[in-house]
Amino acid sequence: MRKLFFILLFTSTFGFSQTQVTGKVQSSNGDVLPGVSVLEKDTNNGTITNFDGDYSITIGSSAVLVFSYVGFETKEVPINSRTKIDIVLSDIETLDEIVVTGTRTSPRSNTNTPLPIDVLTVKELTSTGQNSFDKALQYKIPSFNSIQTPVNDATSLLDPYEIRNMGPSRTLILINGKRKNLSALLYTQTSPGRGETGADISGISTDAIKRVEILRDGASAQYGSDAIAGVMNIILKDNAYKGSATLRTGITSEGDGESVGFSVNNGSVVGYDKGFINYTIDLSKVNLSNRPGTVSAEGEIADFTGGTPTDIAFVNEFLSRKPDAGNINGSPETMAAKFVLNGGVDLNENFKLYFDAAYVYKKVNSFANYRTPYWRTIESFPYLGNFFSGNNPNNTGFFTDAYGNTFNGNGYDGYVPTFDGELNDYNATLGFKGKKNDWNYDASITVGGNSQAYRVRNSHNRNEVFV
């Protein structure tokens, strides 16, 4: 009997500690809000409002209800033993302005393919205002980078490029789907692509290009190890009825680096509209730009002299006349002539002959670092005064070499070697394709070559004398 009484007493006590609360939730303008979350604070006990905004929940008489809904302020309401609570939720303050981030151009990446492919038309390339094809790509392809480095000898002839931060030899370059030849230059200077070589894509005239297809992902399984960084397929123009003439000119904000270029693209029909020939001639010239900066006297003293008071005075006197230490650092003077040909002839309904060819000639003039009079000193090489006379007041006397020969200093003030380079690059493809017995066939031969020659003027080959 006592046991039964204890159970009844506990049940009665528990029942009095719980309260069933009902109500309606509305917005500030009187609209009912279905789906509002109604939760007992600090518990997992909760419910949501129905389509009429009504709710019902059993909670402790001293609990707190939390009402939350997307777009409305969250409200916490103490029960205080009430059984009916109607709630009005206020709208969250609306944004003053909605900004949509996007692009004003149509998408250029094909997202329906297994890997991302960028497709660029010639209009997009020419809109960059760049003189060469590789520099135009740098402004359109996020993962593509082309680097122009000064004072890098033969690298001035052919700028290295990268896709996905991998060197030029890791990107496969195709022209109309056929491999383009690599260059003869092996990058050995402190530039990107060191120890590698790559194709000369700067030698292809932008006006000869119909579109560019770039696979920005590794494709070595399909194309080989030279496609680890991706594949670039350059499709040449094939229009036989339209032509264009383009004049390009520009100058840097510093008033140097003047550029001028002229190109002609045209087409012609072959054999009563059975084929086409499209050709491009592109001539351009870019003058030198110079950004040497100011040289630190302390750095020069540490690098080239023993740091004695005499040396310090010697260096400071030279830098007072040439704060940039005579250096010519910037983009080199470049002259280029480019020729591109593309064609095809339909011999019959199932047989087509196709061909393309390209040739580029480039001439580059750049400079090495200035050989200052405290770097190549007249004390070590007295004959320098005979070859490079100047106006240095410290080198106006006579100097004797290790063999007792006397030379006039002639105000020797150092010299700057001049680097001259020439590049020839060509490639050509001849092939035929067709269909026979439901089989597609394509046979072609591609040849290509690249030669680079350079010479250094205004310099000398020194030799050490041991006595």
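Asn 410 counts as partly exposed, with a relative accessibility of 30%. The model is predicted. Asn 410 sits in the loop between strand E22 (406-408) and strand E23 (418-436). Its phi is positive, near 50 degrees, although the residue is not glycine.

**Whole chain**

- The protein chain holds seven helices and 24 strands.
- Of its 467 residues, 40% are buried.
- Among contacts with a separation of 6 or more, 62% link residues 24 or more positions apart.
- The accessible surface is about 26,200 Å². Carbon and sulfur atoms account for 54% of that surface.

**The seven-stranded sheet**

- Seven strands make an open sheet, in the order E16-E17-E18-E19-E20-E23-E24. The pairing is antiparallel.
- Strand E16 (244-250) and strand E24 (439-457) are the edges. Each has a single partner strand, so one side of each lacks a neighbour in the sheet.
- From one strand to the next, the twist averages 5 degrees.
- Strands of a sheet pair through backbone hydrogen bonds, in a parallel or antiparallel sense.
- E16 and strand E17 (residues 259-270) run antiparallel and are joined by seven bridges. Thr 249 has Val 260 in E17 as its bridge partner.
- E17 is also joined to strand E18 (residues 275-286), by twelve antiparallel bridges. Here Ser 263 stands opposite Asp 282 of E18.
- Four residues lie between the strands in the hairpin of E17 and E18. Gly 271 in this hairpin takes a positive phi near 60 degrees.
- E18 pairs with strand E19 (residues 333-348) over twelve bridges, again in the antiparallel sense. Asn 278 has Asn 342 in E19 as its bridge partner.

**The four-stranded sheet**

- Another open sheet has four strands, in the order E3-E2-E5-E6, with antiparallel pairing.
- Its edge strands are E3 and strand E6 (75-78), and each pairs on one side only.
- In this sheet the twist averages 20 degrees from one strand to the next.
- Strand E5 (residues 64-68) and E6 are antiparallel and share four bridges. Leu 65 stands opposite Val 77 in E6.

**Nonpolar cores**

- In soluble globular proteins, nonpolar side chains tend to be buried together.
- The largest nonpolar core in this model has 24 residues. Those with the most contacts inside it are Leu 125, Phe 133, Leu 137, Phe 144, Met 232 and Ile 234.
- Leaving out residues up to four places away in sequence, Phe 144 touches Asp 134, Leu 137, Gln 138, Tyr 161, Glu 162, Ile 163, Ile 201 and Met 232.
- A second core is separate and has 17 residues. Among them are Val 25, Leu 33, Tyr 55 and Ile 79.

**Helix H5**

- Ala 297, Glu 300 and Ile 301 are buried in helix H5 (residues 297-304).
- Viewed down the axis of H5, the buried residues fall within an arc of 100 degrees, so they line one face of the helix.
- Glu 298, Ala 302 and Asp 303 are exposed on the other side of H5.

**Loop residues**

- Most residues other than glycine have a negative phi.
- Asp 42 has a positive phi, near 65 degrees, and is not glycine. Its loop runs between strand E2 (37-40) and strand E3 (46-48).
- Asp 42 has a relative accessible area of 75%, so it is exposed. The cut-off for exposed is over 50%.
- Phe 51 lies in the loop between E3 and strand E4 (54-60). At 76% relative accessibility, this residue too is exposed.
- Phe 51 touches Val 32 and Pro 34, not counting residues up to four places away in sequence.
- Phe 51 and Val 36 are 15 residues apart along the chain. Their C-alpha atoms are separated by 9.9 Å.

Notes. Residues numbered from 1 in each chain as written. Predicted model: local features only at pLDDT ≥ 70, side-chain atom pairs only at ≥ 80, totals over all residues. Heavy atoms only, no water. Pairing = 2+ DSSP bridges. Helix = DSSP H or I, 4+ residues; strand = E, 2+ residues; numbered from the N terminus. Axes fitted to C-alpha atoms, helices over the stretch in contact; angles between N-to-C directions. Core = buried A, V, L, I, M, F, W, Y, C linked by side-chain atoms within 4.5 Å. Buried < 20%, exposed > 50% of the residue type's maximum accessible area, 1.4 Å probe, protein only. Contact = heavy atoms within 4.5 Å. Areas by Shrake-Rupley, 256 points an atom, 1.4 Å probe, with all protein chains shown as cover. Arc of directions from axis to C-beta.
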